[in-house]
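I opened a new notebook page for this one and went through it piece by piece.

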Amino acid sequence: MIEKIFSKFLRRRKRKPFSAWQIELTTRCPLRCRMCIRTESADWQYQDMVLEDFKKLLPYLKDVETVVLEGWGESLLHKDLSQCIRLVKKEGSQVGFVTSGMGLTENRVAELIEAGLDFVGFSISGTTPETHDVIRVNSHLLDIFRVIHLFHEEKKRQGLLRPKMHLVFLMVKDNISEVPSVPLFAQEAGIEDVVLTNICHTINVWQERQRVFAWDGEKNPYEETVKKAEANARALNIRLKRPALSAVDVPVCEENPLGNLYISAEGEVSPCVYLYPPLPSPFKRIFCGKEHWIEKVSFGNIFREPFSAIWNRGSYEQFRYRFIEREKSYRDLYFSLWDSNRSRNLKAAHLADPPEPCKTCHKILGF
(Lines give C-alpha, C1' and ligand atoms only; values in the text may rest on other atoms or scores of the structure.)
Protein backbone atom coordinates (compact mmCIF):
# COMPACT_ATOMS: atom_id res chain seq x y z
CA MET A 1 0.00 0.00 0.00
CA ILE A 2 2.71 2.57 0.89
CA GLU A 3 4.44 2.54 -2.56
CA LYS A 4 1.19 2.80 -4.50
CA ILE A 5 -0.46 5.45 -2.37
CA PHE A 6 2.54 7.73 -2.26
CA SER A 7 4.09 6.94 -5.65
CA LYS A 8 3.45 10.45 -6.97
CA PHE A 9 5.76 11.76 -4.24
CA LEU A 10 8.39 9.11 -4.99
CA ARG A 11 8.52 9.49 -8.78
CA ARG A 12 10.97 12.34 -8.77
CA ARG A 13 14.66 11.60 -9.05
CA LYS A 14 15.84 9.64 -6.06
CA ARG A 15 18.63 11.52 -4.33
CA LYS A 16 18.39 9.79 -0.99
CA PRO A 17 18.97 6.12 -0.06
CA PHE A 18 15.37 5.56 1.12
CA SER A 19 12.17 6.31 -0.76
CA ALA A 20 9.89 6.23 2.28
CA TRP A 21 9.81 5.50 5.97
CA GLN A 22 6.38 4.71 7.39
CA ILE A 23 6.37 5.78 11.03
CA GLU A 24 3.47 4.72 13.23
CA LEU A 25 2.54 7.41 15.74
CA THR A 26 -0.37 5.53 17.31
CA THR A 27 -2.24 2.24 17.13
CA ARG A 28 -5.45 3.87 18.40
CA CYS A 29 -8.36 4.48 16.05
CA PRO A 30 -11.93 5.71 16.62
CA LEU A 31 -13.26 3.70 13.68
CA ARG A 32 -14.41 0.07 13.57
CA CYS A 33 -13.90 -0.61 9.87
CA ARG A 34 -15.24 -4.00 8.84
CA MET A 35 -12.13 -4.78 6.77
CA CYS A 36 -9.65 -4.00 9.58
CA ILE A 37 -7.80 -6.83 11.32
CA ARG A 38 -8.70 -5.21 14.65
CA THR A 39 -12.36 -6.22 14.22
CA GLU A 40 -11.97 -9.61 15.91
CA SER A 41 -9.09 -9.03 18.28
CA ALA A 42 -9.38 -8.52 22.00
CA ASP A 43 -5.57 -8.42 22.18
CA TRP A 44 -4.95 -5.24 20.17
CA GLN A 45 -1.90 -3.46 21.58
CA TYR A 46 -2.77 0.21 22.06
CA GLN A 47 0.24 2.48 22.10
CA ASP A 48 1.38 6.00 21.15
CA MET A 49 4.92 6.88 20.15
CA VAL A 50 6.42 9.21 22.75
CA LEU A 51 7.67 12.50 21.28
CA GLU A 52 11.11 12.05 22.84
CA ASP A 53 11.37 8.68 21.10
CA PHE A 54 10.22 10.20 17.82
CA LYS A 55 13.05 12.72 18.06
CA LYS A 56 15.53 9.81 18.07
CA LEU A 57 14.52 9.14 14.45
CA LEU A 58 15.32 12.64 13.20
CA PRO A 59 19.07 12.18 12.51
CA TYR A 60 18.24 9.39 10.05
CA LEU A 61 15.63 11.30 8.05
CA LYS A 62 18.23 13.18 5.99
CA ASP A 63 18.44 9.93 4.00
CA VAL A 64 14.67 9.60 3.51
CA GLU A 65 12.70 11.15 0.65
CA THR A 66 9.22 10.79 2.18
CA VAL A 67 8.02 10.21 5.74
CA VAL A 68 4.53 8.73 6.12
CA LEU A 69 3.26 9.37 9.66
CA GLU A 70 0.85 6.49 9.67
CA GLY A 71 0.51 2.91 10.84
CA TRP A 72 -2.35 0.82 12.20
CA GLY A 73 -4.02 3.76 13.93
CA GLU A 74 -5.45 7.20 13.21
CA SER A 75 -2.59 9.70 13.28
CA LEU A 76 -4.93 12.58 14.19
CA LEU A 77 -5.27 11.05 17.65
CA HIS A 78 -1.58 11.67 18.42
CA LYS A 79 -1.31 14.82 20.48
CA ASP A 80 2.07 15.78 18.98
CA LEU A 81 1.21 15.20 15.30
CA SER A 82 1.80 18.82 14.27
CA GLN A 83 5.09 18.94 16.14
CA CYS A 84 6.20 15.71 14.45
CA ILE A 85 5.42 17.24 11.06
CA ARG A 86 7.50 20.31 11.89
CA LEU A 87 10.43 18.18 13.01
CA VAL A 88 10.35 16.07 9.85
CA LYS A 89 10.25 19.16 7.64
CA LYS A 90 13.38 20.51 9.34
CA GLU A 91 15.19 17.37 8.18
CA GLY A 92 14.22 18.00 4.56
CA SER A 93 11.78 15.14 3.94
CA GLN A 94 8.31 15.26 2.44
CA VAL A 95 5.71 14.39 5.09
CA GLY A 96 2.06 13.39 5.20
CA PHE A 97 -0.43 10.67 6.13
CA VAL A 98 -3.76 9.04 5.24
CA THR A 99 -6.68 9.75 7.54
CA SER A 100 -10.37 9.32 8.17
CA GLY A 101 -10.47 13.06 8.87
CA MET A 102 -12.59 12.37 11.93
CA GLY A 103 -12.84 15.32 14.31
CA LEU A 104 -10.86 17.76 12.18
CA THR A 105 -11.78 21.38 12.79
CA GLU A 106 -10.89 24.58 10.97
CA ASN A 107 -8.25 25.39 13.59
CA ARG A 108 -6.69 21.92 13.48
CA VAL A 109 -6.51 22.00 9.68
CA ALA A 110 -4.78 25.40 9.84
CA GLU A 111 -2.33 24.01 12.41
CA LEU A 112 -1.42 21.01 10.24
CA ILE A 113 -0.87 23.16 7.16
CA GLU A 114 1.21 25.70 9.07
CA ALA A 115 3.34 22.82 10.41
CA GLY A 116 4.36 22.00 6.83
CA LEU A 117 2.12 19.10 5.80
CA ASP A 118 2.98 18.11 2.20
CA PHE A 119 0.25 15.57 1.43
CA VAL A 120 -2.84 14.05 2.97
CA GLY A 121 -5.02 11.18 1.82
CA PHE A 122 -8.63 10.56 2.79
CA SER A 123 -9.89 7.00 3.19
CA ILE A 124 -13.32 6.29 1.74
CA SER A 125 -15.21 3.07 1.05
CA GLY A 126 -18.13 4.38 -0.96
CA THR A 127 -19.33 7.38 -2.93
CA THR A 128 -22.62 7.41 -1.03
CA PRO A 129 -23.09 7.66 2.76
CA GLU A 130 -25.24 4.52 2.67
CA THR A 131 -22.26 2.47 1.47
CA HIS A 132 -19.28 4.19 3.07
CA ASP A 133 -20.77 4.59 6.56
CA VAL A 134 -21.66 0.89 6.82
CA ILE A 135 -18.19 -0.35 5.84
CA ARG A 136 -16.14 2.26 7.72
CA VAL A 137 -18.14 2.16 10.94
CA ASN A 138 -18.03 5.46 12.90
CA SER A 139 -16.87 7.34 9.79
CA HIS A 140 -19.28 9.57 7.87
CA LEU A 141 -18.76 10.40 4.21
CA LEU A 142 -20.35 13.83 4.45
CA ASP A 143 -17.94 14.73 7.27
CA ILE A 144 -15.00 13.74 5.07
CA PHE A 145 -16.34 15.94 2.28
CA ARG A 146 -16.60 18.79 4.80
CA VAL A 147 -13.00 18.27 5.98
CA ILE A 148 -11.69 18.30 2.41
CA HIS A 149 -13.45 21.64 1.94
CA LEU A 150 -11.73 22.95 5.08
CA PHE A 151 -8.34 22.04 3.59
CA HIS A 152 -9.19 23.80 0.33
CA GLU A 153 -10.27 26.94 2.16
CA GLU A 154 -7.24 27.03 4.44
CA LYS A 155 -4.82 26.48 1.54
CA LYS A 156 -6.47 29.37 -0.25
CA ARG A 157 -6.31 31.56 2.87
CA GLN A 158 -2.60 30.86 3.33
CA GLY A 159 -1.87 31.11 -0.39
CA LEU A 160 -0.37 27.62 -0.55
CA LEU A 161 -0.54 24.76 -3.04
CA ARG A 162 0.15 22.17 -0.38
CA PRO A 163 -0.84 19.83 1.02
CA LYS A 164 -1.63 17.78 -2.06
CA MET A 165 -4.79 15.77 -1.40
CA HIS A 166 -5.85 12.39 -2.70
CA LEU A 167 -8.59 9.83 -2.11
CA VAL A 168 -7.87 6.24 -1.09
CA PHE A 169 -10.77 3.96 -2.00
CA LEU A 170 -10.61 0.40 -0.68
CA MET A 171 -12.52 -1.92 -3.02
CA VAL A 172 -14.73 -4.71 -1.65
CA LYS A 173 -17.71 -6.46 -3.14
CA ASP A 174 -20.12 -4.32 -1.11
CA ASN A 175 -18.87 -1.13 -2.79
CA ILE A 176 -17.49 -2.30 -6.15
CA SER A 177 -20.55 -0.98 -8.01
CA GLU A 178 -19.62 2.54 -6.91
CA VAL A 179 -16.01 2.38 -8.14
CA PRO A 180 -16.83 3.91 -11.57
CA SER A 181 -18.26 6.97 -9.78
CA VAL A 182 -15.15 7.59 -7.67
CA PRO A 183 -13.55 9.96 -10.26
CA LEU A 184 -16.66 12.15 -10.29
CA PHE A 185 -16.75 12.15 -6.48
CA ALA A 186 -13.10 13.24 -6.49
CA GLN A 187 -13.78 16.01 -8.99
CA GLU A 188 -16.69 17.31 -6.91
CA ALA A 189 -14.40 17.29 -3.87
CA GLY A 190 -11.73 19.25 -5.78
CA ILE A 191 -9.26 16.37 -5.72
CA GLU A 192 -7.26 15.24 -8.76
CA ASP A 193 -5.70 12.01 -7.48
CA VAL A 194 -7.41 8.71 -6.64
CA VAL A 195 -5.85 5.48 -5.42
CA LEU A 196 -7.88 2.25 -5.58
CA THR A 197 -6.70 -0.47 -3.20
CA ASN A 198 -7.49 -4.11 -2.38
CA ILE A 199 -8.30 -5.70 0.95
CA CYS A 200 -5.07 -7.72 1.08
CA HIS A 201 -4.89 -8.79 4.71
CA THR A 202 -8.00 -10.76 5.56
CA ILE A 203 -8.64 -12.59 8.82
CA ASN A 204 -12.27 -13.71 8.77
CA VAL A 205 -14.99 -15.11 6.50
CA TRP A 206 -16.63 -11.75 5.77
CA GLN A 207 -13.34 -10.14 4.73
CA GLU A 208 -12.33 -13.12 2.60
CA ARG A 209 -15.66 -13.12 0.81
CA GLN A 210 -15.40 -9.38 0.21
CA ARG A 211 -12.13 -9.40 -1.75
CA VAL A 212 -12.53 -8.47 -5.41
CA PHE A 213 -9.23 -9.88 -6.68
CA ALA A 214 -8.85 -13.44 -7.96
CA TRP A 215 -5.80 -15.59 -7.23
CA ASP A 216 -7.10 -18.78 -8.90
CA GLY A 217 -6.46 -17.75 -12.52
CA GLU A 218 -10.12 -17.29 -13.43
CA LYS A 219 -11.28 -14.25 -15.39
CA ASN A 220 -12.10 -11.52 -12.91
CA PRO A 221 -15.70 -10.31 -13.23
CA TYR A 222 -14.79 -6.93 -11.69
CA GLU A 223 -12.12 -5.99 -14.22
CA GLU A 224 -14.61 -4.22 -16.47
CA THR A 225 -15.92 -2.23 -13.52
CA VAL A 226 -12.45 -0.91 -12.71
CA LYS A 227 -11.82 -0.17 -16.38
CA LYS A 228 -14.95 2.00 -16.37
CA ALA A 229 -13.46 3.92 -13.46
CA GLU A 230 -10.25 4.38 -15.44
CA ALA A 231 -12.20 5.66 -18.46
CA ASN A 232 -14.20 8.05 -16.30
CA ALA A 233 -11.01 9.31 -14.68
CA ARG A 234 -9.45 10.05 -18.07
CA ALA A 235 -12.56 11.93 -19.17
CA LEU A 236 -12.47 14.07 -16.02
CA ASN A 237 -8.66 14.56 -15.97
CA ILE A 238 -8.40 12.65 -12.69
CA ARG A 239 -5.22 10.69 -12.06
CA LEU A 240 -6.24 7.18 -10.97
CA LYS A 241 -4.01 4.38 -9.74
CA ARG A 242 -5.34 0.88 -9.40
CA PRO A 243 -4.08 -2.52 -8.22
CA ALA A 244 -4.11 -5.77 -10.13
CA LEU A 245 -7.23 -7.91 -9.81
CA SER A 246 -5.60 -11.09 -11.11
CA ALA A 247 -2.52 -12.74 -9.64
CA VAL A 248 0.92 -11.97 -11.08
CA ASP A 249 4.10 -13.06 -9.30
CA VAL A 250 5.83 -9.69 -8.90
CA PRO A 251 9.58 -9.53 -8.22
CA VAL A 252 9.16 -6.88 -5.48
CA CYS A 253 5.81 -6.01 -3.93
CA GLU A 254 4.55 -2.44 -3.86
CA GLU A 255 5.68 -2.07 -0.25
CA ASN A 256 9.23 -2.20 -1.69
CA PRO A 257 11.31 -3.38 1.28
CA LEU A 258 14.46 -2.50 -0.67
CA GLY A 259 13.79 1.22 -0.37
CA ASN A 260 11.07 1.52 2.27
CA LEU A 261 10.55 0.38 5.83
CA TYR A 262 8.09 0.57 8.70
CA ILE A 263 8.70 1.67 12.28
CA SER A 264 6.09 0.68 14.84
CA ALA A 265 4.91 2.90 17.69
CA GLU A 266 7.31 1.12 20.05
CA GLY A 267 10.26 1.48 17.65
CA GLU A 268 10.42 -1.94 16.00
CA VAL A 269 11.86 -1.82 12.48
CA SER A 270 10.04 -4.07 10.01
CA PRO A 271 10.11 -4.29 6.19
CA CYS A 272 6.44 -3.32 5.99
CA VAL A 273 3.33 -2.54 8.01
CA TYR A 274 1.76 -5.92 7.21
CA LEU A 275 4.58 -7.79 8.98
CA TYR A 276 4.27 -6.04 12.33
CA PRO A 277 0.64 -5.44 13.35
CA PRO A 278 -0.06 -4.47 16.99
CA LEU A 279 -1.13 -8.00 17.86
CA PRO A 280 0.48 -10.86 19.78
CA SER A 281 2.76 -13.03 17.67
CA PRO A 282 1.93 -15.13 15.72
CA PHE A 283 -0.97 -13.32 14.03
CA LYS A 284 -3.55 -14.68 11.61
CA ARG A 285 -3.95 -14.03 7.90
CA ILE A 286 -5.89 -15.78 5.16
CA PHE A 287 -3.91 -16.33 1.97
CA CYS A 288 -5.41 -17.86 -1.16
CA GLY A 289 -8.29 -19.22 0.87
CA LYS A 290 -6.19 -20.87 3.59
CA GLU A 291 -5.55 -19.74 7.15
CA HIS A 292 -1.94 -19.07 8.18
CA TRP A 293 -0.30 -17.94 11.40
CA ILE A 294 2.66 -15.61 10.90
CA GLU A 295 5.36 -14.54 13.31
CA LYS A 296 5.82 -10.78 13.55
CA VAL A 297 8.97 -9.56 11.80
CA SER A 298 11.28 -7.03 13.44
CA PHE A 299 15.00 -6.68 12.81
CA GLY A 300 15.66 -4.45 15.79
CA ASN A 301 14.42 -1.54 17.87
CA ILE A 302 15.57 1.84 16.59
CA PHE A 303 15.03 3.43 19.99
CA ARG A 304 17.57 1.07 21.56
CA GLU A 305 20.27 0.67 18.90
CA PRO A 306 21.65 2.58 15.91
CA PHE A 307 19.74 2.23 12.65
CA SER A 308 22.92 1.18 10.82
CA ALA A 309 23.21 -1.85 13.12
CA ILE A 310 19.62 -2.84 12.25
CA TRP A 311 19.82 -2.22 8.49
CA ASN A 312 23.15 -4.08 8.15
CA ARG A 313 22.10 -7.00 10.37
CA GLY A 314 22.63 -10.30 8.59
CA SER A 315 19.02 -11.43 8.90
CA TYR A 316 17.75 -8.14 7.43
CA GLU A 317 20.27 -8.31 4.59
CA GLN A 318 19.17 -11.87 3.80
CA PHE A 319 15.54 -10.74 3.76
CA ARG A 320 16.31 -8.02 1.22
CA TYR A 321 18.59 -10.29 -0.79
CA ARG A 322 15.62 -12.52 -1.63
CA PHE A 323 13.98 -9.59 -3.39
CA ILE A 324 17.22 -8.59 -5.09
CA GLU A 325 17.43 -12.12 -6.51
CA ARG A 326 13.82 -11.91 -7.68
CA GLU A 327 14.54 -8.61 -9.40
CA LYS A 328 17.57 -10.11 -11.13
CA SER A 329 15.57 -13.12 -12.37
CA TYR A 330 12.86 -10.80 -13.67
CA ARG A 331 15.34 -8.55 -15.49
CA ASP A 332 17.09 -11.53 -17.06
CA LEU A 333 13.79 -12.86 -18.33
CA TYR A 334 12.68 -9.46 -19.57
CA PHE A 335 15.80 -8.99 -21.67
CA SER A 336 15.53 -12.55 -22.96
CA LEU A 337 12.29 -11.52 -24.65
CA TRP A 338 14.37 -9.53 -27.11
CA ASP A 339 15.92 -12.79 -28.28
CA SER A 340 13.78 -13.89 -31.24
CA ASN A 341 14.68 -17.52 -30.56
CA ARG A 342 12.85 -17.40 -27.25
CA SER A 343 9.22 -16.79 -26.46
CA ARG A 344 8.53 -16.65 -22.79
CA ASN A 345 5.76 -15.11 -20.83
CA LEU A 346 6.70 -12.80 -18.00
CA LYS A 347 3.69 -14.02 -16.06
CA ALA A 348 5.07 -17.53 -16.20
CA ALA A 349 8.46 -16.43 -14.91
CA HIS A 350 10.09 -18.60 -12.28
CA LEU A 351 11.38 -16.17 -9.69
CA ALA A 352 13.41 -16.93 -6.60
CA ASP A 353 11.30 -17.55 -3.52
CA PRO A 354 10.41 -14.45 -1.49
CA PRO A 355 11.24 -14.34 2.24
CA GLU A 356 9.24 -16.87 4.24
CA PRO A 357 6.73 -14.42 5.83
CA CYS A 358 6.02 -12.91 2.40
CA LYS A 359 5.05 -16.23 0.81
CA THR A 360 1.58 -15.98 2.32
CA CYS A 361 0.96 -12.29 1.58
CA HIS A 362 -1.30 -11.28 -1.30
CA LYS A 363 1.03 -8.37 -2.03
CA ILE A 364 3.55 -10.77 -3.56
CA LEU A 365 0.85 -11.68 -6.12
CA GLY A 366 0.59 -8.07 -7.24
CA PHE A 367 -2.52 -7.18 -5.25
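This is a predicted model: local features need pLDDT of at least 70, side-chain atom pairs count only at pLDDT 80 or more; totals for chains, interfaces and linings use all residues.

**Entry: T131**

Is T131 buried or exposed? I read 14% relative accessibility, so T131 counts as buried, the cut-off being under 20%. I then listed its contacts, leaving aside neighbours within four places in sequence: S125, G126, D174, N175 and E178.

**Entry: the whole chain**

I stepped back to the protein chain and counted twelve helices and eleven strands. Its C-alpha trace spans about 65 × 50 × 45 Å along the principal axes. I checked the radius of gyration too: a compact globule of 367 residues would have a value near 21 Å, and the protein chain has 20 Å, so the two agree. Buried residues make up 55% of the 367 residues. Of the contacts between residues at least 6 apart in sequence, 74% join residues at least 24 apart.

**Entry: the sheet**

In what order do the strands of the open sheet run? I traced nine strands as β7-β6-β5-β4-β3-β2-β1-β8-β9, with mixed pairing. The edges are β7 (239–241) and β9 (269–270); each has a single partner strand, so one side of each is left without a neighbour in the sheet. Next I noted helix α7 (residues 141–158), which packs on the sheet and touches β4 (119–124) and β5 (164–171). The direction of α7 makes about 165 degrees with that of β4.

I also zoomed in on one pair: β2 (residues 64–68) and β3 (residues 94–99) run in the parallel sense, paired over three bridges. Within that pair, T66 stands opposite Q94 of β3.

**Entry: L117**

L117 sits in the loop between α5 (106–115) and β4. Its relative accessibility is 0%, so I put L117 down as buried. Which residues does L117 touch, not counting those up to four places away in sequence? My list reads I85, V95, G96, F97, L112, F151, R162 and P163.

**Entry: helix α4**

I85 from that list of contacts made me look at helix α4 (residues 81–90), where the buried residues are L81, S82, C84, I85, L87 and V88. They pack against α3 (51–55), β2, β3 and α5. After α4 comes G92, with a positive phi near 90 degrees.

**Entry: helix α10**

I tested the length of α10 (residues 223–236) first. At 1.5 Å a residue, its 14 residues should span 20 Å, and its end C-alpha atoms are 20 Å apart, which agrees. Which residues of α10 are buried? I found E223, V226, A229 and A233. Seen down the axis of α10, these buried residues fall within an arc of 120 degrees, so they line one face of the helix.

On the face of α10 turned away from the buried side I found the exposed residues K228 and A235. What covers the buried residues includes β5, α8 (182–188), β6 (193–198) and β7. Just after α10, N237 takes a positive phi of about 60 degrees.

A reminder to myself: most residues other than glycine have a negative phi, and most peptide bonds are trans. I therefore wrote down the exceptions I came across.

- A cis peptide bond joins R162 and P163, with omega about 0 degrees; P163 is in the loop between α7 and β5.
- S281 and P282 are also joined by a cis peptide bond, with omega about 5 degrees; P282 lies in the loop between β9 and β10 (283–287).
- N138 is not a glycine, yet has a positive phi of about 85 degrees. N138 is in the loop between α6 and α7 and, at 34% relative accessibility, counts as partly exposed.
- N256 has a positive phi near 45 degrees. N256 is in the loop between β7 and β8 (260–263) and, at 17% relative accessibility, counts as buried.

Notes
Residues are numbered from 1 along each chain as its sequence is written. Side-chain values use heavy atoms; hydrogens and water are left out. Two strands pair if DSSP finds at least two bridges between them. Helices (H or I, at least four residues) and strands (E, at least two) are DSSP runs, numbered from the N terminus. Contact means heavy atoms within 4.5 Å. Axes are lines fitted to C-alpha atoms, for helices over the stretch in contact, and angles run from 0 to 180 degrees between N-to-C directions. Buried means under 20% relative accessible area, exposed over 50%, partly exposed in between (1.4 Å probe, protein chains only). The expected span of a helix is 1.5 Å times one less than its number of residues. The arc is that of the directions from the helix axis to the C-beta atoms. The radius of gyration is taken over C-alpha atoms; the globule rule is 2.2 Å times the number of residues to the power 0.38.
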